[in-house]
Amino acid sequence: MTVQGASAHAAACATCPMYNGAQLTRLGINMTDWDFVVALAGNPNTGKSTVFNALTGLRQHTGNWPGKTVVRAEGGFLYGDKRYKLVDLPGTYSLLSTSADEEVARDFILFGQPSVTIVVVDATRLERNLNLALQVLEITDRVVIALNLMDEAKRHGLRVDERRLARDLGVPVVPMAARQGEGVQDLLKAVAEVASGAAVTRPHRVRQRDPQVEQAINQIAGQVERAFPGLPNARWVALRLLDGDESIEQAVREGTLGQLVQQKSPEPLPAIRLELEAVS
Amino acid sequence: MAANTDQLLANARNLRAAAGSDYHDTLMASIYADAEQIAERAVTVEGQRGRFDFDRTLDRILTSKMWGFPAMLALLMGVFWLTIAGANVPSQMLGTLLLEHGYNALHQLAAAINMPAWLSGLLIDGVYLATAWVIAVMLPPMAIFFPLFTLLEDFGYLPRVAFNLDRLFHRAGAHGKQSLSMVMGYGCNAAGVVATRIIESPRERLIAIITNNFSICNGRWPTLILMGTIFIGAAAPPLLASFVAAGSVVAVAVIGIVVTLLVSAFLSRTWLKGETSTFSLELPPYRPPRIWQTVYTSLIDRTLIVLWRAVTMAAPAGAVIWLSSNIYIGDMSIAGHMVQWLNPFGLLIGLNGIILFAYIVAIPANEIIVPTILMLTMTLGTAAAGAQAGVMLELEDAQVYGVLTQLGGWTLLTAVNLMLFSLLHNPCSTTILTIWNETKNLKWTAVATLLPLGLGFAVTFATATIARTLGWV
């Protein structure tokens, strides 16, 4: 009884605006001099815009249908003593850049080099949503997974083990019910830790089952690294080149990829070694 | 460096060629396999529960081949019936407040401070009245229509509409996602054109952009609702009037969908030939709408924003209308010359010169069509009505009917053709600009602008000819 009461109390706290107000200041569109840029990616209709609104205090229109956000929206918030700029990317199923909205999302994650990319994932459709999450993890290791719609998953009789997921993906996983405002505090904490480098991520990289393909990737990745020393995602570039991705070919030819090397993200602080598991 | 990268690209190309054509599939298969494995480890199913079944049962009806379309029409009917029946009383109250009391008070004020007649005419009879008219006509229906529509959206019904229409779009050689951008166009065509970005193939995206204008936008709903109410609903027995009125509005919306499909089929078989893409459409779960939040945000984000746009357009338009009907060249005002010049063609297609002139004035915003038509009809109409030039007076539905039939010489044909022309004419200037921004192509922008207009002339000419041949008017 008391245990139950305590947890219910904690849950009530997390959704209370006073509790949020203690650390989060929503800056709306007022976002000059930010310390970190945070991108918000995810499949269509997973609640990205709802998370965006919860963090920035803006009222981006949300709707229950895929394809609602096709342009990126920006807003700001203050957490701890750091200012964050949050960019809401169009919802996409992949980052292969076959359509204009996928290209917007991918170019921002690749060339915008956000300090953290939040991938909003639908807990009721985990497998399909992970396709995108895995593609994001190929491009950048500074990722936080927002495991949204946990309330719906519960209603559907699904139990999602966020600790297991965090271990497998190698990045923080935060269970959320953004429509009810649950999990926002934990998400902020995880984002702050990844942004400052306090949390060290070890992102899952997709294994190629075919040894010949794996060999080809390694060969090309090696050449990419030689052409652009210090590039953070040579393996992903190799994958895209082997897939015949014209926009990446162009980026290689024109040397725009090289710019990614110069704007290096700050070194993670080695002192704190964080056990990677769900912040719960 | 350049040699280095050239070598790298050549290597990648060679390896790709050596692996054969299924490289892409192999890479994707690896991602899927990993995703499946990770998801399987993390998720446990604790037995199926009721909600899944509820969703499925509902989907079995709402997306069934047999009941999908009837259900869609019934929902649309319901939304418009509530809008028309509910907006009537507040519209009249607003009309009395703004157009009678507000108008008179402003004139008394102007007289008290000795404002010159031309200035009070321009400001009160032009700018104020046009703005007040737009608010009185548009605010009540929009304050009902938008929250209802947003509730449907929040509930998850829109993707089901897209699902039902997908088959038809596919047969028309267009992309199934076009049904999503089309639905978006019911709010605003400029937004609908931007929404076509979700369509991958440029060919299918162009089709979606060109046909988006056949989705009736915010600015045009009020014209349809008013015409449906005072001409078509009034022709039915009083008990059924609001049903028939709602039915006529839905009919025009359905014609819009039919035209969208026909034009898509035509384009994909002529100028924009090519393969039809396949795609998977996700049907999201039905979610209980958060009613108060939805009502609040749709009032703030949609109703007020749309109304503000209408007001900012109506104010200068009111000034233009007042000036054009009070500046004389020879013995006739500018508006008079224009209307006289457009009249023969207007009558040929079952409309008249005033309506065509109103559509020219309203290129920046379709919202002001009805006020413009009424005002010009009262000042330029055949009989002398005693109204000052360029003044829009307060009118109730019955009086609007009287003005249009007696002064304007309107018949049922004029009303029906105005409804059709409201569906089929050039997009507003904002939408044209958006089309240009999205395509950066002068030819396709011109096609998207002129094709609906040409269709509008053709269709109204056809209905007028048929009605006259059969002796209906």
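Over which residues of chain B does pLDDT stay under 50, and how many contacts beyond four places in sequence does the model have for them? In this predicted model, the stretch concerned is residues 382-388 of chain B, for which 10 contacts beyond four places in sequence are present. Where pLDDT is low, the predicted coordinates should not be read in detail. Chain B as a whole has a mean pLDDT of 82, with 90% of its residues reaching 70 or more. Among the elements of chain B, confidence is lowest in helix α3 (residues 50-62), where the mean is 72, and highest in helix α19 (residues 442-469), where it is 94. For the model overall, the scores are ipTM 0.78 and pTM 0.63.

Chain B contains 19 helices and 3 strands, and 47% of its 473 residues are buried. Of the contacts in chain B between residues at least 6 apart in sequence, 74% join residues that are at least 24 apart. A contact between two helices of this chain is formed by α5(B), spanning residues 117-155, and α10(B), spanning residues 221-232, whose axes lie 10 Å apart and meet at an angle of about 100°; the two helices are therefore roughly perpendicular to each other. On the side of α5(B), the residues involved are Val137(B), Met138(B), Pro141(B) and Phe145(B), which meet Trp221(B), Pro222(B), Ile225(B) and Leu226(B) in α10(B). By class, the residues of this contact comprise 8 nonpolar, no polar and no charged.

Helix α19(B), in which the confidence of chain B is highest, also holds Ala464(B). This residue, Ala464(B), has 20 C-beta neighbours inside 10 Å and therefore counts as buried. When neighbours within four places in sequence are left aside, Ala464(B) is in contact with Ile349(B), Gly350(B), Leu413(B) and Asn417(B). For Asn417(B), which lies 47 residues from Ala464(B) along the chain, the separation of the two C-alpha atoms is 7.8 Å.

In chain A, strand β3 (residues 73-79) has 5 of its 7 residues buried, so that β3(A) is largely enclosed by the rest of the structure. Strand β3(A) runs antiparallel to strand β4 (residues 82-88) of chain A, to which 7 bridges join it, and within this pairing Glu74(A) has Val87(A) in β4(A) as its bridge partner. The hairpin of β3(A) and β4(A) has 2 residues between the strands, and Gly80(A) takes a positive phi near 65°.

Between the two chains, 52 residues of chain A are in contact with 53 residues of chain B. The elements of chain A that each supply at least two residues to the side touching chain B include α4 (100-111), α5 (126-139), α6 (150-155), α7 (162-169) and α9 (211-227), together with α10 (234-242), α11 (246-254) and the strand β7 (158-160). By class, this side of chain A has 23 nonpolar, 14 polar and 15 charged residues. Strand pairing also links the chains, since β7(A) and strand β1 (residues 43-45) of chain B pair in the antiparallel sense over 3 bridges. In this pairing, Arg159(A) stands opposite Thr44(B) in β1(B).

Technical notes:
Residues numbered from 1 in each chain as written. Chains lettered and ligands numbered in written order. Predicted model: local features only at pLDDT ≥ 70, side-chain atom pairs only at ≥ 80, totals over all residues. Helix = DSSP H or I, 4+ residues; strand = E, 2+ residues; numbered from the N terminus. Buried ≥ 20, exposed ≤ 12 C-beta atoms within 10 Å, placed from the backbone. Contact = placed C-beta atoms within 7 Å. Axes fitted to C-alpha atoms, helices over the stretch in contact; angles between N-to-C directions. Parallel < 35°, antiparallel > 145°, perpendicular 65-115°, else oblique. Nonpolar A, V, L, I, M, F, W, Y, C, P; charged D, E, K, R; others polar. pLDDT = per-residue confidence, 0-100.
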